[in-house]
Amino acid sequence: RAWSGDDRIQALMRLRDKVADAAPADLFREVVDQLGIRDSLFEEFDPERAMADLDAMEQLVMQYQDACRSRHEGASLPGLIYWLSSLDDPAKPEGRGEQTVQVCSYHKSKGLEWPLVILADLDSKPRFSPFGLHVLGAENFDPACPLANRTIRYWPEPVSGPRLPFTEAVRQSDAWKQAEAVERAERCRLMYVGITRARDYLILTRPVARHPASLAWLEAIAGGADDGGMALPGTDGTSVIRIVDTSFDCTLWQLAAGDGLQGVSAERPRWRIPAKPSSIPGHLPYAVSPSGYALPDGVVASIGRVIELGEPVLTGQKVDGASLGEAVHYFIGADDECLDEERRYAMAAGLLTGWGVDAALKPDQLIAIGNRFRDWLARQWPEAAVRREWPVQMRMGNQIARGWIDMLVQGSSGDSIIDHKNVSASPDELSDVALGYAGQLYLYRKGTELASGRQVDGTWIHFALQGRMVRVDFDGQPLEGRNDKDAEGRR
């Protein structure tokens, strides 16, 4: 076929191999990019609306993937097509740009503004009735007791008709007058919202086909300028709206069906976008995760000391390693010396049960891990201040590194950083494992030194289950070609 050699068709054919494995959203973006759809939309009469439609379609694809995720189902291209076909009436995106006409209710226009506003339905009549269910407020409102003296009134309407004696009697009642006053006040507030949405021009409309032509909404709340309200222009050529003692000039039009607007250009706007660059320069990510940070060139990490706290703790049934690590981590982080043994046991049992690892570790074992770490900490820094879960942030050029130090020990001569880790490794393998976290410890060290102005004497890894403390030392230049004055730390 003649079209089979088209570059765009060939690009789509190459995408067929990805249909089985790629997410629908990724496929959608690939198709848009390969066919140059976004570029072609700028040739449309209303390119901004066309772009909004395309964005709305992408949002629908994302909604389908979210729905699949919530149901624990796989998302696929056939599933997306079926899901889209089952939608009753997908919402259209709101218009944007200079040529957009937004149609909305008076209520939804609150807080918005336009250069020109056209108010419709000004011939609508008030809708109120004392019949039915009504909540009657108190005469004197008490803010300390807002529901005091409020009552609920229900009036059934046995008959209805404009000229029935019953109806006429109701119209003379205080309940009717009160309902009419409430409706008038609400319509005044709503009309104020509509009028004040206009920045430059305001157009009031009324149908002339109805007899007589009416602005019932405005007339009901105006009352006339002599009464302190609004005087509207009539059919006698008056072109002034008077509100109390202020007059506003206006222009009157009477349009019939088929009348066109003069002076409106229908010329198609031409939009152009610059050509895509042949290459896009790479940029470093703004946020740096300490756990994934690699040591910069020139900085070498080595094992300084390995201290044995006790025998490795034998776990019972096999459980999720991450959950076990979280339970141990939270216990050590909250194991303050002010806790008595009863509270420590309750905390250990609650954490192990809450993380679903009570079959692997017993509360007594977790307390024993805390005891030997406490004893080592007291021997190593007897007078130091211990800070748990200490936040640290450091700026490195155009990047930001943020993290939480598990334990910061502030001694008399300097600080020490301790990071708790739970890994599946033998004691002989822990040195190599500790060096794998050297980048994280290095960032914590530099951030702490920059923020406090104090020296960090040591960075340690606490392997809680194996009962080992491993100190990681650093030699070399800091921060990959940046001087300390180029970095800012904050705690």
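**Reading the terms in a predicted model**

Mentor: A search of the whole structure finds zero disulfides, a disulfide being a pair of cysteine sulfur atoms within 2.5 Å. This is a predicted model, in which local features need pLDDT of at least 70 and side-chain atom pairs count only at pLDDT 80 or more, while totals for chains, interfaces and linings use all residues. Residues are numbered from 1 along each chain as its sequence is written, and side-chain values use heavy atoms, with hydrogens and water left out.

Trainee: Why is Cys338 called exposed?

Mentor: Exposed means over 50% relative accessible area, buried under 20%, and partly exposed in between (1.4 Å probe, protein chains only). Cys338 has 60%, so Cys338 is exposed. Cys145 has 39%, and therefore counts as partly exposed.

Trainee: What makes Tyr64 and Trp83 a tilted aromatic pair?

Mentor: Rings of Phe, Tyr and Trp (its six-membered ring) pair if their centres lie within 6.5 Å; planes under 30 degrees apart count as stacked, over 60 as edge-to-face and the rest as tilted. The centres of Tyr64 and Trp83 are 5.8 Å apart and the planes make 45°, so the two rings form a pair and the pair is tilted. The structure holds seven aromatic pairs.

Trainee: How do you know that Tyr64 is buried?

Mentor: Its relative accessibility is 4%, under the 20% limit, so Tyr64 counts as buried. Trp83, at 17%, is buried because that value is also under 20%.

Trainee: Which residues have the most contacts inside the largest nonpolar core?

Mentor: A nonpolar core is a set of buried Ala, Val, Leu, Ile, Met, Phe, Trp, Tyr and Cys residues joined through side-chain atoms within 4.5 Å. The largest has 27 residues, and those with the most contacts inside it include Phe373, Trp376 and Met469. Phe373 and Trp376 also form one aromatic cluster with Trp381 and Trp460.

Trainee: Where does pLDDT stay under 50?

Mentor: One such stretch is residues 477-491; pLDDT is the predictor's confidence in each residue, from 0 to 100. Where pLDDT is low, the predicted coordinates should not be read in detail. The protein chain averages a pLDDT of 80.

Key: Contact means heavy atoms within 4.5 Å.
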